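Here are my notes on the model you sent over. Have the coordinates open while you read.

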Protein chains: 2
Amino acid sequence: MRLSLLSYALLGLLEQQPSSGYDLRKIFVQTPMWSYSDSPGAIYPALARLEKSGLIRGRVEASAGLRRRKVFRLTSAGTVELKKWLGKPVSREEVIRGMEELMLRFAFTERVLGSAAATQFLKDLEKALQSYVPTLREFLETQNEALPISGRLALESGIRGYESQLGWAKYAIAMYAERNKGGTSS
Amino acid sequence: MRLSLLSYALLGLLEQQPSSGYDLRKIFVQTPMWSYSDSPGAIYPALARLEKSGLIRGRVEASAGLRRRKVFRLTSAGTVELKKWLGKPVSREEVIRGMEELMLRFAFTERVLGSAAATQFLKDLEKALQSYVPTLREFLETQNEALPISGRLALESGIRGYESQLGWAKYAIAMYAERNKGGTSS
DNA sequence: CGATACATGTAAGAAGTTACATGATTGT
DNA sequence: ACAATCATGTAACTTCTTACATGTATCG
């Protein structure tokens, strides 16, 4: 089962708390999560698809006045699917495919799989980036002559982006190590 | 006229040199430009759309043996459209919408609009980022209590990405300043 | 009463994905 | 003869975008 990033984002948010489409949309509009799409024309159909495939279930709740709200919850199948997605290995290939999906996964990992899994995620990410960045640097150097200055710079920008992620991963690992000095996971 | 990023990428590459769909696809497959899609099912239809709207024109060239190649060139309307896109102001809104389009534009700007325009692009980008990053930092700090550690970290990662772009913009400005000590623009 | 916030949706169209189809030429 | 590479495309499907439609309740 392959879902869009938006669908996974919805699944992850619903795991945190049952919500209506309107509630969910507010989150997308008000936080940097807007990048997964904030339009009702994407969110409502995505919820309908998730319900049709049995990952969530909506129930109309006639709360205090107002129009009827349809509140969605994860089903057990939905929880399974979410865990399966979050548990996928963090490989170099995943990094190449794009950081967006990985960061979305990270945002939900601790809550759903526990802080040991979150730490593992970060370590795998660190390793993948450490292997990928030199490849890009090498590409830049071998193509150096062939590229115009703007091409070189555009590539440099991408590489710096990955390096920045690498720095962040180390920082995040340190944060978890710090916090877990006393407590245990999950 | 609104085109997809892939279409603009094709336009920009064709401005650099007339190419067949196959040539173009090789570029997408072999360089980090793959992120704009590397599948023939995207590239050929995109070229057909561009031709239909008069921005490029393809001519079958029966070169040495092999199957017929259809080589595309920008039309004057295509050049106009490309310049219009490249010339759009670099605003905070553009930054929020996403760095991908901006970096693609930068990669073509110098060649098409000259190095003065490229420098201006970088200065505008620097300004936009300098205004945007503190907004995000502020959001992070005000939400600090409400967010779980993984949420905070995910946001921190995004912010660092923008900071990295800011650092790059300064670096790129310095590179241009260095190079232009003797020569003039365009 | 009219504007605004709450709340859910649909319709038309654009553009991407994967997978397949087709065909010419070159190397083994 | 067969596989690999060159080269162009199509078909089915998925999902997003923009714009619109609909309706309730509250506030000034």
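The points below go from the single chain to the sheets and then to the contact between the chains.

1. First, a caveat: this is a predicted model. Local features are taken up only where pLDDT is at least 70, and side-chain atom pairs count only at pLDDT 80 or more.

2. Let's start with chain A on its own. Reading from the N terminus, the order of elements is α-β-α-α-β-β-α-α-α-α-α. As for overall dimensions, the C-alpha atoms of chain A fill a box of roughly 65 × 45 × 30 Å along the principal axes.

3. Now the sheet of chain A. The 3 strands make an open sheet, ordered E1-E3-E2, with antiparallel pairing. Strand E1 (19-20) and strand E2 (56-61) of chain A are at the edges with a single partner strand each, so one side of each has no neighbour in the sheet. As background, strands of a sheet pair through backbone hydrogen bonds, in either a parallel or an antiparallel sense.

4. How many bridges join E1(A) to strand E3 of chain A? There are 2, and the two strands run antiparallel, with E3(A) covering residues 69-74.

5. On to salt bridges. Over all chains the count is 28. One to look up is the pair A:Glu94 and A:Arg105, whose side chains meet at 3.6 Å, N to O. This pair links distant parts of the chain, with A:Glu94 in helix H5 (residues 92-97) and A:Arg105 in helix H6 (residues 99-113) of chain A, 11 residues apart. In general, side chains of opposite charge can pair when their charged atoms come close.

6. How do the two copies relate? Chain B is superposed on chain A by a rotation of 180° with 0.0 Å of shift along the axis, at an RMSD of 0.0 Å. The two copies are thus related as by a two-fold rotation axis. The contact agrees with that picture: 100% of the interface residues of chain B are also interface residues in chain A, so the copies meet through the same surface.

7. What about the extent of that contact? It takes 30 residues from chain B and 30 residues from chain A. Between them the chains bury about 2,600 Å², 69% of it on carbon and sulfur atoms. On the chain B side, B:Ile149, B:Leu153 and B:Arg160 lose the most area to chain A, together 22% of what that side buries.

8. Last, what the contact is made of. Which count of salt bridges goes with the chain B and chain A pair? The count is 0, while 8 residue pairs are in polar contact, both residues at pLDDT 80 or more. Helices H5 (92-97), H6 (99-113), H7 (115-143) and H8 (149-179) of chain B each supply at least two residues of the side that touches chain A. The largest share of that side, 18 residues, comes from H8(B). By class, the side of chain B that touches chain A has 17 nonpolar, 8 polar and 5 charged residues.

Notes: Residues are numbered from 1 along each chain as its sequence is written. Chains are lettered from A and ligands numbered from 1 in the order in which they are written. Side-chain values use heavy atoms; hydrogens and water are left out. Copies are superposed by least squares on the C-alpha atoms of residues with pLDDT of at least 70 in both. Contact means heavy atoms within 4.5 Å. Buried area is the accessible area (1.4 Å probe) that two parts lose on being put together, summed over both. A salt bridge is a side-chain nitrogen of Lys or Arg within 4 Å of a carboxyl oxygen of Asp or Glu. A polar contact is a pair of N or O atoms within 3.5 Å; within protein, one must be able to donate a hydrogen and the other to accept it, and residues adjacent in sequence count only if both atoms are side-chain atoms. Helices (H or I, at least four residues) and strands (E, at least two) are DSSP runs, numbered from the N terminus. Ala, Val, Leu, Ile, Met, Phe, Trp, Tyr, Cys and Pro count as nonpolar, Asp, Glu, Lys and Arg as charged, and the others, Gly among them, as polar. Two strands pair if DSSP finds at least two bridges between them.
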